[in-house]
Each structure stands twice: as structure tokens, then as C-alpha cells.
Amino acid sequence: MNTLYIQTQGTYLHLDTDNIRVEVEKERKAMIPLHHVESVVVFGNVLLSPFLIHKLAREHKPVTWLTEFGRFMARTETPVSGNVLLRVAQHACACDMAKALSIARFVAAGKLQNQKVTLMRSAREALDNDPELLRQAAKEINAQIGCLPLAETVDEVRGIEGTAARIYWEVFPLMLRQNRDFFWLTERTRRPARDAINATLNFTYTVLANDCASAAQSVGLDPQVGFLHALRPGRSSLALDLMEELRAVTADRAIITLINRSQLTPRDFVLHEGNTVTIKEDARKTILAHLTERKKEEVTHPLTARKTPLGLIPHVQARLLAQHLRGDRAHYPPYLHR
Amino acid sequence: MEEFIMLSALQHFTFCPRQCALIHVEQVWTENAHTARGQQQHERAHGGGTEERGGMRTMRALPLVSRVHGLMGVADVVELLPDGSPRPVEYKSGRAKPRLADEVQLCAQAMCLEEMFACDISAGFIYHSASHKRREVQFTPELRHAVLDARDGIRELLRTRVLPLPAADARCELCSLKDECEPFAPRDFPRGFDPFSTRLEE
């Protein structure tokens with residue numbers, strides 16, 4: 001379940017019997033038993049010994065290399081992942097309008113349901129007029145959910161999702177109760193982020209998207225061939241599809257919690273000339289530590305009815321999708337958070 | 001010419017056709033406590049080549065093939081009796097499985113050995129490491145039939161590539177692929193699971 005994140009520049013990771021030895025400037029900083037580690041994510045200038053890479057590959061534990069600021073660079077491909085029949089079925093479904101539409105509708109439904117749940121949960125804790133505004137937004141998202149079964153093309157599904165996103169982001173700052181004058185959000189912007197919330201969202205989504213891409217790859221799916229997200233060179237469309245259901249309940253919820261507990265404050269950000277914002281290294285550590293804790297939290301999966309750590313949900317969903325694509329399951333069931 | 005069928009696949013198929021399809025068609029494999037223990041044991045059993053003790057030779061990790069039946073694989077242990085006749089011994093970490101899965105695998109090994117050594121083999125052994133006991137298995141005509149039925153079933157599985165439905169019975173508790181198989185999860189949306197629901201819960 002645990003992802004080992006290494007951010008400190010110049011770190012060297014070795015295999016030491018069945019442990020990962022973490023060294024910084026030739027000084028031993030930590031010994032982490034391999035059986036505690038499910039995957040390794042390294043940021044920037046971090047070295048791994050070949051023996052460690054081999055050992056991790058043999059145990060199907062992916063290594064992901066990101067830039068210092070979290071942009072995806074590379075991921076190991078381990079020996080058994082890759083049922084070629086599954087990939088052929090995935091590509092065939094992506095080309096089949098009716099099947100792609102059905103999956104896209106369910107993915108979007110999962111996303112909107114979980115946005116709704118997140119808004120309603122925050123409404124219970126919000127102050128003043130905010131609960132009413134949050135509930136109102138949840139009702140409006142409900143109206144969009146009602147439109148989903150009527151969508152006749154994937155483009156229409158994307159339109160509905162876009163409308164829901166506008167409703168959601170408009171009220172997003174109302175879920176924050178600390179440092180409101182600093183944490184504001186006018187619109188969602190990708191890189192470079194123009195405000196602290198966008199910077200935090202971008203960073204958290206990168207980490208989550210990487211988990212989803214690893215999950216897709218480990219069940220043998222092609223992370224690049226998605227259904228709701230358009231195919232685009234270099235884009236992990238399927239990873240983004242899998243992430244949709246988890247954005248609100250994992251990433252957004254984490255950010256809301258960290259800001260409301262004042263674990264993220266204005267001091268954690270650097271405001272650059274020309275209106276761009278970056279997150280300081282310690283704050284990135286805080287975010288990663290919180291996400292790691294959150295991944296261990298167990299939820300009851302609505303379909304399997306099993307208690308599952310939140311961090312395993314991308315794997316469960318990737319597997320359920322693979323079953324649908326190979327004809328083992330009539331529909332793709334999105335993850336609906338409770 | 002038909003593809004050779006792996007002896008281990010016969011065991012998987014007899015135990016559960018879906019497990020067999022997951023491993024040999026879907027290429028799903030997860031290690032769990034059972035398989036890890038089995039792996040260790042196999043590594044030990046396959047460690048040495050041939051050893052001789054009291055007139056009996058023990059061959060480990062012997063490659064097996066039957067061109068007549070279209071089977072291939074590797075035997076954990078084959079004992080060569082003083083008269084030169086081979087006898088297969090299959091090592092199992094767990095207890096005896098239902099549905100004669102291990103017996104079918106053992107019998108298939110014997111059918112390969114009969115062809116390779118031009119002999120008749122009437123019985124072999126399954127060694128259970130949990131109890132440190134070996135038990136004799138008679139290669140009856142029925143068991144030999146079960147081997148060929150399983151082989152044909154696997155050929156059909158590899159041809160159609162369709163995943164059979166889950167067994168969803170007591171076998172599943174013994175299965176290392178339970179998580180991947182999801183035998184008890186509904187095959188479609190269960191009651192009350194509605195992604196398009198517009199209920200607003202307070």
C-alpha cells in the first residue's frame with residue numbers, strides 16, 4: 001500500500017538485503033523494509049542502484065521518476081504486466097462509439113457523484129451562509145448527473161462534466177475555513193499555477209495520476225488509451241479517466257483538510273514575479289505525508305462490498321474496467337464514495 | 001499441430017477453469033502466502049539434479065513431454081526404482097485440494113514418463129509438506145480420462161479466450177487469485193448501486 005516518495009535531491013537508494021537503504025551525501029538516513037513498500041516515486045536528482053531497480057521490478061513494484069517539481073518522466077515496466085488480449089480489447093472498445101460512450105458516462109457519473117459527496121460533507125462543517133451555497137451547488141451537480149444517461153456522444157458527456165466542474169470550482173473556496181484571503185481560486189489553471197490552490201491541486205493530481213497510471217499498467221491496461229479523455233500523444237488518458245472518480249475524495253479532500261488544519265499556510269508558497277506560484281519543498285513533504293496516511297484509510301467498496309484501503313481503489317477500478325473490456329462484466333462500475 | 005498444454009495448467013483447470021483462464025489467458029499472477037511458500041519449496045526441490053540413495057535414483061526438475069497427448073512441463077521429483085521404472089512425486093505446500101486437481105497433474109506427469117521411458121506406471125505420490133507425509137495415487141482409467149478431458153478443456157479455453165464464470169464456492173477460499181477473480185462480487189451492478197442516482201444525502 002505504501003508508496004515511498006523521495007524528494008531530497010542527491011539521495012541514493014540501495015538494496016540492502018531486503019531493505020531499501022536511503023543515503024544522502026553518503027550518510028545513512030533510513031532503512032525501509034521492502035515488504036512495506038508497494039511502489040517508489042522519486043523526484044528529480046535521486047539515484048537508485050540497478051540491483052534495487054531489478055528487485056523492485058521482479059516484485060512488480062513500479063518505480064516512477066518525476067522532475068523535482070513533479071512532472072512525469074518515466075516508469076518501469078515490470079515483466080508480467082501486459083495481457084495483449086486485454087490491450088486489443090481496450091483498443092477495440094475505444095474505437096467502438098457505443099462502448100466508449102457507456103464507459104465515459106460511468107466515469108463521469110463517478111466523478112460527479114464524488115464531487116457531490118465532497119460538497120455535502122463540507123456543508124456539514126461550513127459556517128455562515130456557506131452550507132446553503134454548498135448544498136445548492138450539490139443540487140446543481142445532481143441536475144448534471146441527471147443529464148448523463150441522456151448524453152449521446154462522449155463530447156456531450158465532456159460538456160456535462162465541464163458544467164459540473166464550473167459549479168464545483170465556483171464554490172470550492174467555501175470549503176476552506178482558514179487563510180481565506182490567501183487561498184482563493186478564480187479558475188482552474190494548469191501549469192504554471194497562478195495561485196496557491198491551483199499549485200497545490202496540480203501537484204496532488206500529478207501524484208494521483210501517477211498512482212492511476214501504475215494501477216492501469218499493473219493490470220495490463222494501456223494507460224494512454226482512455227474513454228472520457230480524448231486521445232492525445234503523450235497523455236495518459238486512461239490514467240486520467242481512472243483518476244476522475246478519485247479527484248474530489250482523495251486529492252481535493254486532502255487539500256481542504258490540510259488548509260483547514262493550517263498545515264498548509266501562506267508561508268508554504270513562493271509567489272513569483274508575473275503571478276506564478278510554487279510550493280516549498282517542506283510543504284510538498286507535508287502533502288505527500290498526508291496523502292500516504294489517507295491511502296491507508298479503509299473504505300467499503302460499493303461494488304465488491306469489501307473493506308479496501310483508499311490507496312488500492314485505483315487498482316480495484318482498473319481491474320473492474322479490465323473485466324468489463326474483456327467481456328467478463330456487463331458494465332464498468334465507477335467508484336462511488338460514501 | 002496443436003500446442004502443448006502445460007502440466008500445471010491441468011492442475012489449475014481441474015481446480016477451477018476460471019483460475020486456469022486467469023493465469024494462462026489473462027496472465028494474471030499474484031503472489032500470496034500460499035504461492036510464495038510453494039515457490040520456496042519448489043526452489044528447494046528443483047535445486048539438485050540427480051542423487052542416488054540405496055539403489056534408488058532421485059531426479060529433480062526433470063523436463064517432461066508427451067507428444068502423443070500434447071503435454072509438457074517439469075516434474076518436481078521423479079524416483080527411478082532399482083528396476084529402472086520411474087515414479088513421479090509432486091510436492092504440495094498446502095493440504096489436499098478438492099476436485100483431484102493435484103492427482104490429475106501427477107497422473108499427467110506419469111503419462112509423459114510412460115511415453116519417455118516406454119513403460120507402464122500404475123501409481124505415484126503426492127508429498128504434502130504441511131504434514132510431511134506422502135500419499136499414493138493410483139493412475140486409474142478414470143484419472144487418465146480426467147487428464148485428457150482437462151487438456152481438451154484448456155485447448156478450448158485458449159481457442160475461445162473467454163473467461164469462464166467464477167466458481168464462487170468453497171474452492172475460492174483456497175485460491176491465490178481470489179482478489180483478481182472477485183468471485184463473490186456481483187457480475188453486474190448490485191441492487192442499490194446506481195451511478196446516476198440523484199439522491200441528496202444529508
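This is a predicted model: local features need pLDDT of at least 70, side-chain atom pairs count only at pLDDT 80 or more; totals for chains, interfaces and linings use all residues.
1. Chain B has 202 residues, and 46% of them count as buried. Taking contacts in chain B with a separation of 6 or more, 60% join residues 24 or more positions apart.

2. Helix α5 of chain B deserves a look. The helix covers residues 141–160, 20 residues in total. At 1.5 Å a residue these should span 28 Å, and the end C-alpha atoms are 29 Å apart, so the two values agree. Just after α5(B), the backbone of B:R161 takes a positive phi of about 60 degrees.

3. What does α5(B) pack against with its buried residues? The buried residues are B:L143, B:V147, B:A150, B:R151, B:G153, B:I154, B:R155 and B:L157. Their partners in chain B include three helices, α1 (7–15), α2 (17–24) and α4 (101–117). The strands β1 (5–6), β4 (71–80) and β7 (133–138) of chain B are partners too.

4. Now the contact between the chains. Chain A brings 35 residues and chain B brings 26 residues. The area buried between chain A and chain B is about 2,700 Å². Carbon and sulfur atoms give 54% of that area. On the chain A side, A:L303, A:R319 and A:D328 lose the most area to chain B. Together they make up 19% of what that side buries.

5. The second largest pocket holds about 1,400 Å³ of space. It is lined by 41 residues, and those closest to its centre are A:R190, A:A209, A:L240, A:M243 and A:R247. Elements of chain A that give two or more residues to this lining are β8 (72–75), α3 (97–125), α5 (154–171), α6 (196–218) and α7 (237–260).

6. Rolling a probe the size of a water molecule over the atoms shows where empty space is left. There are two cavities of 30 Å³ or more. The largest cavity has a volume of about 100 Å³. Its lining residues are A:Y5, A:V207, A:L208, A:D211, A:L246, A:T250, A:L291, A:K295, A:L310, A:G311 and A:P314. At least two residues each come from α6, α7 and α8 (281–296) of chain A. Of the contributors, α6(A) gives the most, with three residues. By class, the lining of the largest cavity has seven nonpolar, two polar and two charged residues.

7. The second largest cavity has about 70 Å³ of space. Residues of chain B line it, among them B:F15, B:C16, B:Q19, B:L22, B:C172, B:C175 and B:C181. Helices α2 and α6 (178–181) of chain B each supply at least two lining residues. The class count for the second largest cavity is nine nonpolar, one polar and two charged.

8. Beyond neighbours within four places in sequence, A:S237 is in contact with A:P223, A:Q224, A:V225, A:G226, A:H229, A:A230, A:L231 and A:R232. A:T206 belongs to helix α6 of chain A. A:T206 has 15% relative accessibility; buried means under 20%, so A:T206 counts as buried.

9. Last, backbone angles in two loops of chain A. Most residues other than glycine have a negative phi. A:H60 has a positive phi, near 60 degrees. This residue lies in the loop between α1 (50–58) and β7 (63–66) of chain A. A:H60 is partly exposed, at a relative accessible area of 34%. A:N275 also has a positive phi, near 65 degrees. Its loop runs between β9 (269–272) and β10 (276–279) of chain A. With a relative accessible area of 57%, A:N275 is exposed.

Key: Residues are numbered from 1 along each chain as its sequence is written. Chains are lettered from A and ligands numbered from 1 in the order in which they are written. Side-chain values use heavy atoms; hydrogens and water are left out. On a 1 Å grid over the protein atoms alone, a cavity is a set of points where a 1.4 Å probe fits but cannot get out, and a pocket is an open set with protein on both sides within 12 Å along at least five of seven lines; lining residues have an atom within 4 Å of a point. Grid points are joined across faces, edges and corners, and a volume is the space filled by probe spheres set on the points. Helices (H or I, at least four residues) and strands (E, at least two) are DSSP runs, numbered from the N terminus. The expected span of a helix is 1.5 Å times one less than its number of residues. Buried means under 20% relative accessible area, exposed over 50%, partly exposed in between (1.4 Å probe, protein chains only). Contact means heavy atoms within 4.5 Å. Buried area is the accessible area (1.4 Å probe) that two parts lose on being put together, summed over both. Ala, Val, Leu, Ile, Met, Phe, Trp, Tyr, Cys and Pro count as nonpolar, Asp, Glu, Lys and Arg as charged, and the others, Gly among them, as polar.
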